[in-house]
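Hi,

Here is the structure I promised to pass on. Have a look at it first, then read my notes below.

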Amino acid sequence: GLPSLLTITNADGELELTTKCDADRTVRLTIYHKSLYGDVVPFSLEFTYSPSQNLTPIHGSKQRDNELVRQLCIDTWVANADDLTPFVDVVDPNTVVKSSFTITEEHSRGFCESVGNQAWQYTFARDGILQAPMEYAHIVFTRDMLRLLQSSVFGFGQVNGVHMYNDVTLEDGARMFQVDDELAVTATMNGLTNLRSGKKIKLNWIVERGGKKVATIESAFVVRSHYIDIGNAFERYPQQLITIVLPSAADIAALELNEWFIYCEDTAATLQPNAPIEFCLDSEYRYKSTNVYSSINTTGTVTVQGQNGKRVTIAKVDYKWDTAVKDPVVEFLNRFKTASDVRQFADGGYALTTKANVHLSQATVPSSNANYAKYSLDGNPFHLNPYIADFAELPGTITHGLWTSASTRAIVENVAADGRPERIRAYRTEFTGMVFPTDQLETELVHIGMKNGRMLVKGQTAKIGGGPVMDLTAEIDQPLTAYVFTGQGSQE
């Protein structure tokens, strides 16, 4: 008779895939995926063979596949053999997630090796201190980030997930990460919305060390061709800082006429034309449709600089409304918003990457994603298993976007920060294309201006001979400078 079972094993004789056709014409395809920690997890798909339907004789269930993919991700992506805590679902979008992480020397060295970062600060201890890369702002939250991406709140569609961007900002004055740092994370889901291409989730988290804020991070993902119930869509913008300048007394009067602008009863300060006014706002929007809000809630404080140089709270903002297409508070402020902290060069700036340092601006993607997956704690099976990548209709096992981000940031350290990692204070990446193992990448960096005294650098990473895969922006502190004046007689 006809064969009813196909078995595929790897070079070590380990089972990778089986396909079986039962007597009732049920076809079962099982992929045996090995997780980062050696557990073999079967991923079984079921189809019905109907030869009478000549053009489409094999049929499956999309809903069942979605459920199986989500469970696979829970079992292999979130699971960590070093932490036997079971998967805890998130069913409330208002859930505040907290976790902790301690940086070890072994882990830091392994991570740096996986992304090709050879900075001496991560290799040699000075005064007993071994520094660790900025990527720990993300690693510390990886486990819980993945839990949110597999949660009931976010729903199905993991097979179509795409990382959109990642934005890390270190607090002013905060030292960079070090081995033995004990880090704590507080995270919230600040957006669940629908785009034309699919549903989007926005995650925000704060990293603390010793009870003090070290970094603020925002990351967003989109799942193509999957959408959420519009009644569950929302977006939050916490701690928005908007600085405005009102050029005339008439503009000040226009601000004061808004019902949402409420002076503090005990304020003695007054608004003056052309003086900066800072608004710190918390906004939450609920959606009636993709472009229409069902409710708006914007609150906050208003401060100006007092005579003693300190900021003084003079008013509060309190606005609530039902159906609307725009937030009138933000719309009004945007009319007078100033970007005084940013100065872009009129000629577009100058290139930091040149033929002379091209050897510093290129990177080759490793032949396997497994080592980075291990140290980043991101065991996404679509990055590791070619059969599961094929099921997702990918050309191959795509390399993690955050590998490209980390590899490129190592280039920023060398080229733009002169080998001083601590000078990088903010780093934002937007992922624009897929990267695969063994790809060769090259990064171009341009110093486009200044922001609060820091270098403002923009760049793009692209495949050599191919298209762009990532855009980036970085803020880099000026190098420490010392002026030495010699005493009398030094000329002798």
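Sorted by class, the residues lining the largest cavity are 9 nonpolar, 6 polar and 3 charged. That is a lining of 18 residues, and those nearest the centre of the cavity are Glu-135, His-138, Asn-166, Leu-402 and Ser-405. Keep in mind as you click around that this is a predicted model.

Which parts of the chain give two or more residues to this lining? They are helices H3 (136-139), H4 (142-149), H7 (370-376) and H10 (401-415), along with strands S7 (161-170) and S19 (424-431). H10 supplies the largest share, with 4 residues. The space inside the largest cavity comes to about 170 Å³.

How do you find a hole like that? Rolling a probe the size of a water molecule over the atoms shows where empty space is left. In this structure, the search turned up 3 cavities of 30 Å³ or more.

The second largest cavity holds about 50 Å³ of space. Its lining has 8 nonpolar residues, 1 charged residue and no polar ones. If you want to pick them out on screen, select Ala-132, Pro-133, Met-134, Leu-170, Met-176, Phe-177, Pro-421, Glu-422 and Ile-424.

Now zoom out to the whole chain. There are 10 helices and 22 strands in it, and the C-alpha trace spans about 95 × 75 × 45 Å along its principal axes. Of the 492 residues, 45% are buried. The chain exposes about 25,600 Å², and carbon and sulfur atoms supply 50% of that area. Contacts are worth a look too: of those between residues at least 6 apart in sequence, 67% join residues at least 24 apart.

One last stop is the pair of strands S3 (residues 26-34) and S4 (residues 40-49). They run antiparallel and are joined by 9 bridges. For one of these pairings, find Tyr-32, whose bridge partner in S4 is Pro-42. S3 and S4 make a hairpin with 5 residues between them, and Gly-38 in the turn has a positive phi of about 90°.

S4 has another pairing as well: S4 and strand S5 (residues 58-59) pair in the antiparallel sense over 2 bridges. Which residue of S5 is the bridge partner of Thr-48? Look for His-59.

Cheers

Key. Residues numbered from 1 in each chain as written. Predicted model: local features only at pLDDT ≥ 70, side-chain atom pairs only at ≥ 80, totals over all residues. Heavy atoms only, no water. 1 Å grid on protein atoms, 1.4 Å probe; cavity = no way out; pocket = protein on both sides within 12 Å on 5 of 7 lines; lining within 4 Å. Points joined across faces, edges and corners; volume = space filled by probe spheres on them. Nonpolar A, V, L, I, M, F, W, Y, C, P; charged D, E, K, R; others polar. Buried < 20%, exposed > 50% of the residue type's maximum accessible area, 1.4 Å probe, protein only. Contact = heavy atoms within 4.5 Å. Areas by Shrake-Rupley, 256 points an atom, 1.4 Å probe, with all protein chains shown as cover. Pairing = 2+ DSSP bridges.
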